Amino acid sequence: MAEARLPTVVLRGGTVVGADRAERGDVLVEGGRIVAIGPGIEVPRGSSVLDAGGCLVGPGLVDLHAHLREPGHEEAETIETGSRAAALGGYSAVVAMANTDPPIDHPAAVRAVAELAKGALVEVAVAGAITKGRAGERLAPLAEMAALGVRIFSDDGRGVQHAGLMRRALEYARPLGVLLAQHCEDEDLVAGGVMHEGAWSSRLGLPGQPALAEESMLARDLDLVRLTGAPMHFLHLSTARSVELVRRARAEGLPVTAEATPHHLTLTDAEVAGFDPLYRVNPPLRPAADVAAVRAGLLDGTIDAVATDHAPHAPDTKELPFDQAPPGMIGLETALSVAYGALCLGPEDDVPGWLRAVAEPDAPSPRRSQAPPVPRLAGAVELFRLMSSRPAAISGLDARGGHGGPLAPGARGHLCVFDPGERWRVDPGAGASRSANTPFASRELVGRVRHVLVAGEPVVVGGEAQR
Ligand SMILES: [Zn+2]
């Protein structure tokens, strides 16, 4: 869109979330950029005024980890539908993972996806594969893809199994200034497991995969980071020991970052009790002690970001029996509400019962009441740090697209207006995603995205996508 045709917009009466504090104020956006922030801004003639009363006004969210499925699985999602879901979830930018069909493992594929992403409602950054065909045998042409602007490389969906190959990938990536992102999963140790190996897998008679399948690859890769000096990002941490390994690595000064998903900070392996394939995901849902550790890792800064791992699957594939259904959950439209409920609400708040239940230690029933008090984020500044500024910095979308704030005059007009007072129930059929495989179906969430501006264009107004 030509900047001259962009509307002038005033976000009126919200609480503006800055880098270190949140203050009441209006935001004036003109020509794609923020031009003023403060109380009682005069409304220029011809501008549109969007009500932000009672809302948090923060920088547009940035997702480090989304599967948009195009090319190859357009029946599950397209860049258009996935980016509309992202906009409705408060995002201004997402990183699209490389496990498309065919995978994004060569320059022409990068160009093709970038071309498809041009008209998208949010900015779509293309991730490249680390290995050819994501087969884990030979390196993909990282330099040629980096020359096209690819900044994150990952075989996500699979981990790079061979340590020697991963070492070479890190040595190759370092001078290119790109980031390798690992899906930690040792396939030998997984050995056909379809859920977390523990009390629930025994009870249900389903083959389990041990937490060690994640932790051993993470430990190996932390050693490779120490050896090579190359930075590395760890996708979807899900166990207490993973969080502890990253905590120690950071204390040691290793250049590592990490993310966690909304589902790993709210749901436990007890959900699998009903054999509903909606709860099949990799890494699998874990016991409550792991959930608590992941939350603690986000709260103390060990884990940098909440990332969705939005993984759409067409309905017919998710109607298979649990052990045959593909792993994965959608998450773009619910991530901010789920993270807000899990990380920002305390015992004095009216927290939905399902969110209280998962804060408990390992219990045989997923539906106990009387949760112990859980630590929580100090507030909105930290929430937007986890979902906007840190992921923007990790992905390079701060420098490249002006994502992640801080909100200030001159900054790009990427804004997310979130109403923490609105409560809603997730209707999987009502979303913009082409798939409906959300584990939060019919659950009550607290807080909802009201308006979203991307580069000054109101793409979501009053909870409705504008195109
Ligand atoms: Zn993954």
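Analyst: A quick definition before we start: a residue is buried when its relative accessible area is under 20%. Keep in mind that this is a predicted model.

User: Good to know. Why does Met97 count as buried?

Analyst: Met97 has 2% relative accessibility. The cut-off is under 20%, so Met97 counts as buried.

User: Where does Met97 lie, and which residues does Met97 touch?

Analyst: You'll find Met97 in the loop between E7 and helix H2 (107–116). Leaving out residues up to four places away in sequence, Met97 touches Leu64, His65, Ala66, His67, Ile104, Ala127, Ser154, Asp156 and Leu235. There's also Ala311: 214 residues from Met97 in sequence, but 9.9 Å away in space, C-alpha to C-alpha.

User: E7 came up just now. What is the order of the sheet with E6, E7 and E8?

Analyst: The order is E6-E7-E8, an open sheet of three strands with parallel pairing. Strand E6 (61–66) and strand E8 (123–126) are its edge strands.

User: What makes E6 and E8 edge strands?

Analyst: Each of them pairs on one side only. On average, neighbouring strands of this sheet are turned by 20° against each other, direction ignored.

User: How do you know that E7 and E8 pair?

Analyst: Two strands pair if there are at least two bridges between them. Strand E7 (residues 91–96) and E8 have four bridges, in the parallel sense, so they pass that test. As an example, Val94 stands opposite Val124 in E8.

User: What about E9 and strand E10: how many bridges do they have?

Analyst: E9 and strand E10 (residues 179–182) have two, again in the parallel sense. One of the bridges joins Phe153 to Leu180 in E10. These strands belong to an open sheet of five strands, ordered E9-E10-E13-E14-E15, with parallel pairing. Strand E9 (152–153) and strand E15 (305–306) are the edges, each pairing on one side only. Helix H4 (residues 163–176) lies across E10 and strand E13 (232–234), at about 150° to E10.

User: Back to the start of the chain. In which sense do E1 and strand E2 pair, parallel or antiparallel?

Analyst: Antiparallel: E1 and strand E2 (residues 22–30) share seven bridges. Thr15 has Arg24 in E2 as its bridge partner. The two strands form a hairpin, with four residues between them. Strand E1 (residues 9–17) also pairs with strand E4 (residues 48–51), in the parallel sense, over four bridges. Arg12 is the bridge partner of Asp51 in E4. Then there's strand E5 (residues 56–59), which pairs with E1 in the parallel sense over two bridges.

User: Let's turn to helices. Why are H8 and H9 called roughly parallel?

Analyst: The axes of helix H8 (residues 240–252) and helix H9 (residues 288–299) cross at roughly 30° and come within 8 Å. Angles under 35 degrees count as roughly parallel, so that is what H8 and H9 are to each other. Ala240, Val243 and Arg247 in H8 meet H9 residues including Ala289, Ala293 and Gly297.

User: How many aromatic pairs does the structure hold?

Analyst: Two.

User: Why is the pair of Tyr340 and Phe418 called edge-to-face?

Analyst: The ring centres are 5.4 Å apart and the planes stand at 70°.

User: One more: what makes Arg448 lie over the face of Trp424?

Analyst: Arg448 is 3.9 Å from the ring centre, and the limit is within 6 Å, along with a position within 35 degrees of the ring normal. Arg203 likewise lies over the face of Trp200, at 4.6 Å from the ring centre.

Technical notes: Residues numbered from 1 in each chain as written. Predicted model: local features only at pLDDT ≥ 70, side-chain atom pairs only at ≥ 80, totals over all residues. Heavy atoms only, no water. Axes fitted to C-alpha atoms, helices over the stretch in contact; angles between N-to-C directions. Phe/Tyr/Trp six-rings, centres within 6.5 Å; stacked < 30°, edge-to-face > 60°. Parallel < 35°, antiparallel > 145°, perpendicular 65-115°, else oblique. Contact = heavy atoms within 4.5 Å. Buried < 20%, exposed > 50% of the residue type's maximum accessible area, 1.4 Å probe, protein only.
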